[in-house]
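Hello,

Here is the structure we talked about, for you to open alongside this email. My notes on it come just below.

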Amino acid sequence: MMSPNRWDPLSRSLSRPLHLSNSLDNTDIPSVSVDVTICQPQQDPHSLRIEVRNSASGSAPSLSQEQQDALLAQVKRMLRLSEADERNVRDFKRIVRQVAQEEGEESQYMTDFSGRVFRSPTLFEDMVKCMLLCNCQWPRTLSMARALCELQWELQHCSPSISEDFIPQTPAGKESKRRQKVSKVASKLTSRIAESKASSEDYMNLKLDCAGVLEENVQPSFPQNDIESDLHGLNELSTTDPPSARDRIGNFPSPRELANLDESFLAKRCNLGYRAGRILKLARGIVDGQIQLRELEDMCNEASLTAYVKLAEQLSQINGFGPFTRNNVLVCIGFYHVIPTDSETIRHLKQVHARNCTSKTVQMIAESIYGKYAPFQFLAY
């Protein structure tokens, strides 16, 4: 997963920092984060358990109701737990069953797929990460995302006058080297779980209870009215020691944290290349109020082709958002009828469907294969 997301396969939990405010785009509110771990208790599969603790990037003795609501909103966005997402899941599953009946063949993968695509807690993070997908291999994308989170930690903990003496600490790794590290990483998982259990008493627990009725093959929904925060006597945050060097990965930087950085420094520190200028223009546009992310995201509430066209047009006016990046952002927002295509799509269609295509024909061939799942072609892909 891209930083700062961390998936622990042993405990089956997702961890990352989250901001204590939803209003960091164009305000002077300080960027304060807490470390959050999300898991689904085996004894209560219809709920989520959210563990919150102090992050080294900021300290707060307690969480206000507004901060609790901000954390819950970010978790719901990441896991797509809105009523609209639930409707999409039901409709997608219905179409999958319909296609299986018409073709007389059922795909186990399609049947098991939940119909939810993980995304970031904020649209800004989604937009930047979509930029990081362009014109590079996956290891480079992971490297750049990690470097941005390392930079955020440095901005929070180091001297305010960050100079260009900083050099990239996260070079783009090669796939062969990454494979060699797998065994070392695996050997540390057990100790990490032990550390997590040892410090579990320092967490504040937010238990989200689902009161909804489960549909067949559909994950539980978590509409706002059905969420109960079990916070009685648990709203005191613990004080934790500063993280070790290996844990010095902060939150994903906010637009305001990036807006005042020098382009050459950002490009060098995070190995971003030409992307640094585009990321800075996006961040500065948001801070200046020229780009209104909330308005863009609110437009997706109208699940129509008209709303899609309006969103696509507005995104195309932002520097760096060509067809591939733009379509990935639209998927993150919630439009699934257009598949973002690149060289990986060409490889997939050849290996899985034995269809040869080029950059000019890949969109047409992808639509011929997945069009039967409209308007959820991307989910089927």
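First, the ground rules. This is a predicted model, in which local features need pLDDT of at least 70 and side-chain atom pairs count only at pLDDT 80 or more, while totals for chains, interfaces and linings use all residues. Residues are numbered from 1 along each chain as its sequence is written, and side-chain values use heavy atoms, with hydrogens and water left out.

Helices (H or I, at least four residues) and strands (E, at least two) are DSSP runs, numbered from the N terminus. Strand 3 (residues 33-39) pairs with strand 4 in the antiparallel sense over 6 bridges; pairing takes at least two DSSP bridges between the strands. Across from Val34 you will find Asn54 in strand 4. Of the 8 residues in strand 4 (residues 47-54), 6 are buried, meaning under 20% relative accessible area, with exposed over 50% and partly exposed in between (1.4 Å probe, protein chains only).

Helix 5 covers residues 138-157 and spans 29 Å from its first C-alpha to its last, close to the 28 Å expected (1.5 Å times one less than its number of residues). The rest of the structure largely encloses helix 5, because 14 of its 20 residues are buried.

How many disulfides are there? The count is 0, with a disulfide taken as a pair of cysteine sulfur atoms within 2.5 Å. Cys130 is buried at 4%, and its closest cysteine sulfur, in Cys332, is 4.3 Å away, too far for a bond. Cys136 is partly exposed at 23%; the closest cysteine sulfur to its own is in Cys134, 7.7 Å away and also too far for a bond.

Best wishes
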